[in-house]
Amino acid sequence: MNAPLNLPAADIFPIAAPAALLRFITCGSVDDGKSTLIGRLLYDTGAVPDDQLASLHADSRRFGTQGDALDLALLVDGLAAEREQGITIDVAYRYFSTPRRAFIVADTPGHEQYTRNMATGASGADLAIILVDARKGVLAQTRRHSFIVSMVGVRRVVVAINKMDLVGFDEGVFTAIANSYRAATRHLGFEQIVFIPVSALRGDNIASLSADTPWYRGRALIDYLETVDVSALAADPASLRMPVQWVNRPNAHFRGFSGTIALGAAHVGQDVKILPSGRRTRIASIVTALGEDSSAQQDEAVTLVLEDEVDASRGDVIVSAQDEAPVARVFDGRLLWMSERAASGQGLIVQQGMTTANAALSIRTQIDVNTFAEQPTDSLPVNGIGRVRIRSEKPLVLATYSQDRTLGAFTLIDRLTNETVALGVIDEVNPADLPQGHAAVARKAPDLWRRLLAPADSSSETLAEALSWRIVSALIVTLLAAVATQTAWIALLAGAADFALRLVLRAAHRDAFKRATALRQVDPEQNADGGGI
Amino acid sequence: MIQLTHLQKLEAEAIHIIREVAATCENPVLLYSIGKDSAVLLHLVMKAFAPGKPPFPLLHVDTTWKFREMIAFRDARIAELGLELIVHTNEEGRAAGVNLFASGSRLHTDVMKTQALRQALDKYKFDAAFGGARRDEERSRAKERIFSMRSPEHRWDPKSQRPEPWRLFNTRKRPGESFRVFPLSNWTEADVWDYVALEKIPVVPLYFAKPRPVVARDGMLIMRDDERMALRAGEEIEMRSVRFRTLGCYPLTGAVESNASTLSGIIAEMRSSRVSERQGRLIDHDGGASMEQKKQEGYF
Ligand SMILES: Nc1nc2c(ncn2[C@@H]2O[C@H](COP(=O)(O)OP(=O)(O)OP(=O)(O)O)[C@@H](O)[C@H]2O)c(=O)[nH]1
Ligand SMILES: [Mg+2]
């Protein structure tokens, strides 16, 4: 082999201790200083190389909002249109690290018009920094962003009360804003809210505590970010959920199901079932990024090989045998409408897990971002947040967002324009007061037939269960025969015959059902989904 | 539960993105540009489809000005992995004699890179092209989605990018539209090198310091890789110990003086460096928003 491989054997590289990663966003109202704060964080952690610093000096003179001084927001506002207007239009992702932690930060736009870009950034975040301009206090946009942050499941927020230099570092201003923020977001379910008085422009309380806020007893921002614990609640290690993303079939001898583990862990020998079908099998082997492995954990991208020749395709979910994830067509949730055109409920596609399906949307209420009060409505404007019910044309494996960040999240896509028009979270699966929508009824009927005619599914029945009711039945027959004939051997024979006949008939029934339904096994909607075009 | 490390998370995210393309696009291709990011991307692609092979070919847009060592490395690596590689050169550009030194970097980049890439994508009707670009490289890249939609004319419209929440990528498109897909979006230069070391990924030897023939020109050290580079008056070829932080067309890629001949050496150098990796690239320096402009015209 003549490949120039460049790893001298003796070159042992000292890998730094695996730093935990923190993903966070900055959000808040227009001009509160989000981009400046991120510029400051990059600058203070030494993440700005000299050549970029040199162009920052030039840019600051040309576009800057701070006279001849450095305009740190220009480090982040990377689009020409943003620099010309001095605003943020789209999310920017930036990266920096300290000896204690690596950070991915999303700088989101404050303008209401670009709320969807803010929500995009929020969806992957472990923590949010919400900026408030000390001169302006809590504004409608502060509340809207707080609501979206809470809706997408961020539980920890830092409220950075910014531009303290413009209010003389007044403790009273700080305390009043902190109190009003707390009151405004009482119902949003944040686990922890930390208030820090800062000046993003000057760097007060960012990398180190400021001499101008001697009254502030808390920590500097970077210190807090480095140490905050955002580890998600550890899922039950016996549980597993992996939406099938791609079926790996390189040759006749290998068939694996590739995907990212959404919840729990996978291990060889684990009893699993495939949803929606409910077919049971076991994990035979796991191909991970490291090669073959005996187990894999949440967030790992793996390929599972199953023991039986079961049918599973993209969109199905491989779950642990005892998993109760519901398969349903209807769910209730909250969403952010992101399209300029009003929500009509027509011609939509729901994207959830690893699947898409035609869906009907009914809007129930709009949530007022100022009061968080709900008004009944049947349409939502752009950037409106509302409660909705969604009916999918085909059954989906669903979960509530509070339990499962993967199966509980969804987007809506306009079928005609391919635009992503909404993002949302599932609050309730299969809500009880299901109005008899035609889609649901029309498609339910064949299912009902199938369920009545279907053989008892051995896969949903444990061996003990199966044996126990058959033994009970055989015992009853034995007992009845004993009473009727008063002869022990006839009674025993009858009991045994009952036991045996049931097994034979069951097998025959199973076979007949399989033949009858074989042609219908292919879900017609699968074709509509698979292409993705 | 043991937490995944930073690199393990980035790796899983990238593999997820790669598989998403395989599952939802009809005719993907991997843009293989031979550098370290491409090396990592190729490695991740091999992992994503193991034990099988990637279900799509690789494409190298050859400007005819790449370092010879890059081409040798490319051919050895592809042969070793047994993959399908398409090499495309803009033949009209070559015939018209677009010479980098004569015509300048702007025309060269447009004709031999941007136009060439568009030609290749059109010729093979690829509807998704993987690239190894990272958001930390440049400020307009920092704004780009992982699935970056391109019009039938290959234009990027930074103002109407699709929201990309969670892992729910909207991969629908109309005929003629396509995606540029960036699985390494969230990686930094440091992550790439840490991963190369951890996974023992082969990279082009030009990344390691060695005495090489260089000419000082326009404030950069240019390695004279062949005779097409004529010396200007007063210029002299010197042997200096240099290496490259990024790799591209040799006349446009500045070398850095260094003695780092091992991975740990270059990682240490990178960590203490005060200049960004793209500083050594001539094409990035024609004006503030130039990368954004090039991207709008169809550049990667
Ligand atoms: N005096 C003072 N000015 C500040 C401070 N932080 C930001 N600014 C200024 O406030 C203006 C807006 O700052 P940006 O960082 O662009 O605000 P933003 O929140 O990112 O704005 P959008 O993204 O467009 O919503 C700029 O002129 C900043 O220089 C601060 O702490 N003190
Ligand atoms: Mg901003």
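**Helix packing and local details**

Modeller: In chain B, the axes of helix α1 (residues 6-24) and helix α6 come within 11 Å of each other and cross at roughly 95°, with axes being lines fitted to C-alpha atoms, for helices over the stretch in contact, and angles running from 0 to 180 degrees between N-to-C directions. That makes α1(B) roughly perpendicular to α6(B) (under 35 degrees is roughly parallel, over 145 roughly antiparallel, 65 to 115 roughly perpendicular, and the rest oblique). Helices (H or I, at least four residues) and strands (E, at least two) are DSSP runs numbered from the N terminus. This is a predicted model, in which local features need pLDDT of at least 70 and side-chain atom pairs count only at pLDDT 80 or more, while totals for chains, interfaces and linings use all residues. Residues are numbered from 1 along each chain as its sequence is written, chains are lettered from A and ligands numbered from 1 in the order in which they are written, and side-chain values use heavy atoms, with hydrogens and water left out.

Biologist: Which residues of α1(B) and α6(B) meet?

Modeller: From α1(B) there are B:His6, B:Leu7, B:Leu10 and B:Glu11, and they meet B:Asp191, B:Asp194, B:Tyr195, B:Leu198 and B:Glu199 in α6(B), where contact means heavy atoms within 4.5 Å. By class, this contact of α1(B) with α6(B) has 4 nonpolar, 1 polar and 4 charged residues (Ala, Val, Leu, Ile, Met, Phe, Trp, Tyr, Cys and Pro count as nonpolar, Asp, Glu, Lys and Arg as charged, and the others, Gly among them, as polar).

Biologist: And at what angle do α6 and α7 of chain B pack?

Modeller: Helix α6 (residues 189-199) and helix α7 (residues 263-272) of chain B pack at about 165°, with their axes 10 Å apart, and they are therefore roughly antiparallel to each other. The crossing of α6(B) past α7(B) is left-handed, a label used if the near helix is turned anticlockwise from the far one by less than a right angle, with right-handed for clockwise. On the α6(B) side the contact includes B:Trp193 and B:Val196, and on the α7(B) side B:Ile266 and B:Met270 are among the residues met; by class the contact has 8 nonpolar, no polar and 3 charged residues.

Biologist: Over to chain A, then: how do α4 and α5 cross?

Modeller: Helix α4 (residues 115-123) and helix α5 (residues 140-151) of chain A have axes that come within 10 Å and cross at roughly 40°, so they are oblique to each other, and their crossing is right-handed. A:Thr115, A:Met118 and A:Ala119 of α4(A) make the contact with A:Gln141, A:Arg144, A:His145, A:Ile148 and A:Val149 of α5(A), a group that divides into 4 nonpolar, 3 polar and 1 charged.

Biologist: Changing topic, how many residues surround ligand 1?

Modeller: There are 21 around ligand 1, and the closest are A:Lys34, A:Thr36, A:Thr65, A:Gln66 and A:Thr88, counting a residue if one of its heavy atoms lies within 4 Å. Polar side-chain atoms lie 2.8 Å from a ligand 1 oxygen in the case of A:Thr88 and 3.0 Å from one in the case of A:Lys163, whereas A:Asp31 places a backbone N or O atom 3.2 Å from an oxygen of the ligand.

Biologist: Which peptide bond into A:Pro276 is cis, and where is that proline?

Modeller: The bond from A:Leu275 to A:Pro276 is cis, with omega near 5°, and A:Pro276 is in the loop between β11 (271-275) and β12 (279-288) of chain A.

Methods
A polar contact is a pair of N or O atoms within 3.5 Å; within protein, one must be able to donate a hydrogen and the other to accept it, and residues adjacent in sequence count only if both atoms are side-chain atoms.
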